[in-house]
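Morning, everyone. Let me put the model up, and then we'll talk about aromatic rings.

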Amino acid sequence: MILGLLKEHGEETRVALLPENIKALADLKVNILVEEHAGENAFTSDQLYIDAGAKVVPRKTVFEEADLLLQIQSPLKEDIALIKEKQIWISAFNPLMDSELVREFLKKGLTTFSLDSIPRTSRAQAMDILSSMATVSGHKAVLEAALRLPTFFPMFMTAAGTIRPANVLILGAGVAGLQAIATARRLGAQVQAFDVRSAAKEEVKSLGAKFVEVEGASEDKAAGGYAVEQTEEFKKKQQQAINDHAAKSNVVICTAQIPGRKAPLLLPKEAVDNMKPGSVIIDLAASTGGNCELTKDNETVVYNGVTIIGQSNYPAQMSLDASRMFGKNAFNFLKLIIGEAGELNLNFEDDIVRGTCITHQKEILNERVKSIITNA
Ligand code: NAD
């Protein structure tokens with residue numbers, strides 16, 4: 001089998017595989033074509049790919065010769081036209097939100113896998129790009145907040161007086177939220193966190209943060225560890241608690257999301273009105289609508305002295321380690337679909353292969369994507 005690694009487009013700086021992954025794939029008897037300059041924004045030269053056993057070729061050749069095409073982002077319109085029916089497309093293309101793209105794949109009869117749909121089971125943990133990228137985002141969000149803040153993060157007792165530590169509020173204590181707590185604690189801040197899943201409480205406390213308790217949250221075991229939509233009564237109580245805590249915080253990191261839906265609104269304009277000038281809000285949910293009412297995706301807004309940063313792609317600002325984590329996850333997934341002689345081996349009985357496969361032979365295999373498209 002020939003695997004083709006494509007160069008990303010636009011502002012993306014990551015690459016889906018690094019030379020260390022190429023070496024491991026070559027050991028599995030896979031031939032690898034790497035598009036010229038694929039790794040350059042992640043500080044990885046073509047020569048390093050060649051040394052690892054890949055052939056570096058123009059983009060056109062990758063599309064002509066590879067059996068399997070791999071990149072991180074969704075394909076561009078012009079790329080879809082180049083993908084042949086017998087080729088397999090693998091990237092992270094957000095099929096729960098991008099129904100138009102899924103329909104396009106269906107129409108062309110392509111076999112496609114979306115790495116952001118890997119089931120969240122223990123066996124799939126080593127392939128879970130959402131967790132890896134959320135780890136990068138949680139960490140980077142806190143570092144950005146610390147740089148923007150007009151005050152210190154840690155407490156200081158100096159001859160010039162005592163400096164109080166920063167108060168950081170984390171909304172959503174999933175993978176990104178927990179990493180944000182850990183980073184903020186390492187920098188010496190006092191941290192409070194809030195989530196609707198009761199399982200998050202112990203995790204928050206074990207990282208040295210306080211859990212903001214609001215009673216009456218809805219949970220659903222069938223949601224696979226994810227949050228579900230909350231009742232109106234709960235939302236009102238939650239709003240009051242968040243408003244009170246936000247008013248005392250120097251930093252709010254928003255990470256709350258519900259897969260396939262708009263992000264919950266947790267910081268309305270009135271809550272921001274009560275925050276101290278100089279405070280910083282980082283909204284990691286910006287691309288799905290944001291947790292803060294004033295967030296603008298990919299923009300920084302200053303409102304009454306409060307800086308609101310809508311940023312959902314911090315991994316692109318940490319290109320090398322984000323690529324390292326993505327590459328290891330992608331390699332672990334590829335191992336599942338590679339046979340002993342390096343051939344393609346698609347076993348749809350395997351829950352990870354089936355759950356990650358979005359379209360195959362003009363059918364949608366992923367159940368959640370299927371229900372969204374058929375009920376649209
Ligand atoms: P996510 O990005 O979908 O959401 C982030 C957090 O926001 C979640 O903790 C969610 O509960 C919270 N949230 C949603 N709505 C909220 C609201 N209205 N108010 C406050 N908080 C709200 O989730 P995620 O971080 O990707 O993962 C969530 C959980 O899934 C994890 O904590 C873990 O238990 C589980 N998980 C399992 C695996 C695995 O087993 N392979 C991998 C990753 C995550």
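Start with F152. F152 sits in the loop between α6 (129-148) and β7 (156-158). Keep in mind that this is a predicted model. Is F152 buried, exposed or partly exposed? Its relative accessibility is 45%, so it counts as partly exposed. The buried class would need under 20%, and the exposed class over 50%.

On to ring geometry. How many aromatic pairs does the structure hold? Three. I'll take two of them.

First up, F93 and F105. Their ring centres are 5.0 Å apart. The planes meet at 70°, so this pair is edge-to-face. The cut-off for that label is over 60 degrees. Where do the partners sit? F93 is in the loop between β5 (88-91) and α5 (99-108), while F105 is in helix α5 itself. They are 12 residues apart, and the pair links distant parts of the chain. Both F93 and F105 are buried.

Next, back to F152. F152 pairs with F156, again edge-to-face. Here the centre-to-centre distance is 4.4 Å, with 65° between the planes. What about cover for F156? F156 has 31% relative accessibility, so F156 counts as partly exposed. F152, as I said, is partly exposed at 45%.

To recap: F93 and F105 are buried. Over to you.

Technical notes
Residues are numbered from 1 along each chain as its sequence is written. This is a predicted model: local features need pLDDT of at least 70, side-chain atom pairs count only at pLDDT 80 or more; totals for chains, interfaces and linings use all residues. Side-chain values use heavy atoms; hydrogens and water are left out. Helices (H or I, at least four residues) and strands (E, at least two) are DSSP runs, numbered from the N terminus. Buried means under 20% relative accessible area, exposed over 50%, partly exposed in between (1.4 Å probe, protein chains only). Rings of Phe, Tyr and Trp (its six-membered ring) pair if their centres lie within 6.5 Å; planes under 30 degrees apart count as stacked, over 60 as edge-to-face and the rest as tilted.
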